[in-house]
Amino acid sequence: MTMNRRIAVVGTGANGAAIASDLALAGRDVTLIEQWPENVAAIRRRGIVVRLQNQEFTATARVLNLSEVATLRETFDVILIVVKTYDTRWAARLVEPLLAPDGLMVGVQNGMTMEAIAETVGAHRTMGCVIENGGAMYDPGVVLRDTPHAKAWFAVGPYDRQTEGREAEVVEVLRHSGRVEVYADIRAAKWMKLIVNAAEVAPSAILDRSLAAAIETPGMRELMLKVGCEAIEVAKKASIPVVPMFGLPDLDPENPKAFIETLLDTIIYSYAQPNSKVAALQDWMKGRRSEIDDMNGAVVRKGAEVGVETPYNRHVLNIALRIESGALDAGRGNLAPLLAIMDA
């Protein structure tokens with residue numbers, strides 16, 4: 001029965017296409033829904049091409065443009081939303097009519113998107129998820145996958161009591177693409193990943209450097225730790241539990257610096273390739289808006305809500321937004337302004 005579930009993947013950039021290719025190669029019934037017309041055309045023409053360090057494979061699956069969604073008559077048992085955080089609400093609304101009455105919609109994203117999905121399809125059809133699976137897509141239909149299947153990691157958990165006990169339905173889908181852990185408090189897990197993203201994504205993107213090169217730049221590790229520790233303090237004040245991630249043992253929440261340093265190093269040296277560029281930098285290279293406002297901006301807003309000052313996250317966010325506005329270019333010339341707050 002489980003193998004007959006109809007699955008849709010909405011958003012087939014690097015992560016969405018990688019997951020969809022794994023599902024297709026496993027013989028699952030998967031449909032791709034994508035907003036980039038050239039990507040749809042390329043996948044229709046030659047399939048999804050996935051390139052790892054020493055391996056390349058191709059998977060074929062049905063793929064639709066957004067304009068074709070209205071032609072679908074069938075419903076899906078599981079819909080994976082893998083679009084940018086800021087695109088979640090409209091994407092969920094677009095495919096809501098296609099979700100089976102007892103189906104599940106899963107935001108396979110790192111942002112805090114569960115509420116937007118639940119408001120669209122109902123809490124009884126919403127499941128949360130965290131993803132750690134590095135990669136890039138610069139050419140239509142071609143995924144440059146940094147994280148092999150053996151290291152890719154997902155966390156899955158219920159939105160509320162209405163979906164408790166249904167985690168296995170999502171686990172058996174995502175297991176084709178990596179290791180999956182179940183979290184009773186998926187919001188806490190999502191906040192932990194948001195903390196790591198806030199610490200690493202914007203700072204490295206601002207310098208136009210890979211994660212590994214950015215953290216090894218003098219002064220940058222200290223800045224990233226300040227950003228992350230600040231976000232931990234916000235989480236603690238907001239009564240968000242500090243939970244272990246990526247299969248690591250429990251870490252002492254009273255020692256936030258060690259906690260953040262362990263998480264940062266795990267992602268940079270265990271999940272990313274030496275030249276891996278964060279998604280925000282990839283977005284800027286393509287002339288697109290990034291998700292930094294949903295990372296550092298989320299920390300700043302939650303900090304204001306619970307009464308915790310967040311000067312480091314605000315500083316990083318302000319520089320990133322200047323780049324997004326076109327007032328500043330990403331590059332190593334931003335190092336001094338970025339580190340200026342350390343002397344403030």
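This is a predicted model: local features need pLDDT of at least 70, side-chain atom pairs count only at pLDDT 80 or more; totals for chains, interfaces and linings use all residues.
## Pockets, a cavity and ring contacts

Helix H6 contributes the most to the lining of the largest pocket, with 5 residues.

### Exercise 1

Describe the largest pocket by its volume, by the residues closest to its centre and by the classes of its lining residues.

**Solution.** Begin with the volume: the space in the largest pocket comes to about 1,000 Å³. Next, turn to the lining, which is made up of 48 residues, and among these Ala-14, Asn-15, Lys-84, Ala-279 and Glu-291 are the closest to the centre of the pocket. Then ask which elements give two or more residues to this lining: they are helix H1 (14–25), strand S8 (126–132), helix H6 (186–206), helix H9 (256–271) and helix H10 (279–285).

### Exercise 2

Carry out the analysis for the second largest pocket, giving its volume, its lining residues and their classes.

**Solution.** The second largest pocket holds about 190 Å³ of space. Its lining consists of Thr-85, Met-112, Met-114, Glu-115, Arg-187, Lys-190, Asp-294, Ala-298 and Arg-301. The elements that give two or more residues to this lining are helix H4 (114–121), H6 and helix H11 (296–306). By class, the lining of this pocket divides into 3 nonpolar, 1 polar and 5 charged residues.

### Exercise 3

Determine how many cavities of 30 Å³ or more the structure holds, and characterise the lining of the largest cavity.

**Solution.** The structure holds 1 cavity of 30 Å³ or more, and the volume of the largest cavity is about 40 Å³. The residues that line the largest cavity are Val-10, Gly-11, Ile-33, Glu-34, Gln-35, Leu-66, Val-83, Trp-90, Ala-91 and Leu-94. Strand S2 (29–34) and helix H3 (88–95) each supply at least two residues of this lining, and H3 gives the most, with 3 residues. Sorted by class, the lining of the largest cavity has 7 nonpolar, 2 polar and 1 charged residues.

### Exercise 4

Find the aromatic pair in the structure, state its geometry, and decide whether Trp-153 and Tyr-183 are buried or exposed.

**Solution.** The count comes to 1 aromatic pair. Trp-153 and Tyr-183 form this pair, with 6.3 Å from centre to centre and 85 degrees between the planes, an arrangement classed as edge-to-face. The pair links distant parts of the chain, since Trp-153 lies in strand S11 (residues 153–158) whereas Tyr-183 lies in the loop between strand S12 (179–182) and H6, 30 residues apart. For the last step, the cut-off for buried is under 20% relative accessible area. Trp-153, at 0%, is therefore buried, and Tyr-183, at 11%, is likewise buried.

### Exercise 5

Locate the rings over which the charged ends of Arg-187 and Arg-289 sit, and then examine the disulfide count together with the burial of Cys-129 and Cys-229.

**Solution.** Arg-187, one of the residues lining the second largest pocket, has its charged end over the ring of Tyr-159, 4.5 Å from the ring centre. The charged end of Arg-289 sits over the ring of Tyr-86, at 3.8 Å from the centre of that ring. Turning to the cysteines, the count of disulfides is 0. Cys-129 has a relative accessible area of 0% and is therefore buried, while Cys-229, with a relative accessible area of 18%, is also buried.

Note on methods: Residues are numbered from 1 along each chain as its sequence is written. Side-chain values use heavy atoms; hydrogens and water are left out. On a 1 Å grid over the protein atoms alone, a cavity is a set of points where a 1.4 Å probe fits but cannot get out, and a pocket is an open set with protein on both sides within 12 Å along at least five of seven lines; lining residues have an atom within 4 Å of a point. Grid points are joined across faces, edges and corners, and a volume is the space filled by probe spheres set on the points. Helices (H or I, at least four residues) and strands (E, at least two) are DSSP runs, numbered from the N terminus. Ala, Val, Leu, Ile, Met, Phe, Trp, Tyr, Cys and Pro count as nonpolar, Asp, Glu, Lys and Arg as charged, and the others, Gly among them, as polar. A disulfide is a pair of cysteine sulfur atoms within 2.5 Å. Buried means under 20% relative accessible area, exposed over 50%, partly exposed in between (1.4 Å probe, protein chains only). Rings of Phe, Tyr and Trp (its six-membered ring) pair if their centres lie within 6.5 Å; planes under 30 degrees apart count as stacked, over 60 as edge-to-face and the rest as tilted. A charge sits over a ring if NZ of Lys or CZ of Arg is within 6 Å of the ring centre and within 35 degrees of the ring normal.
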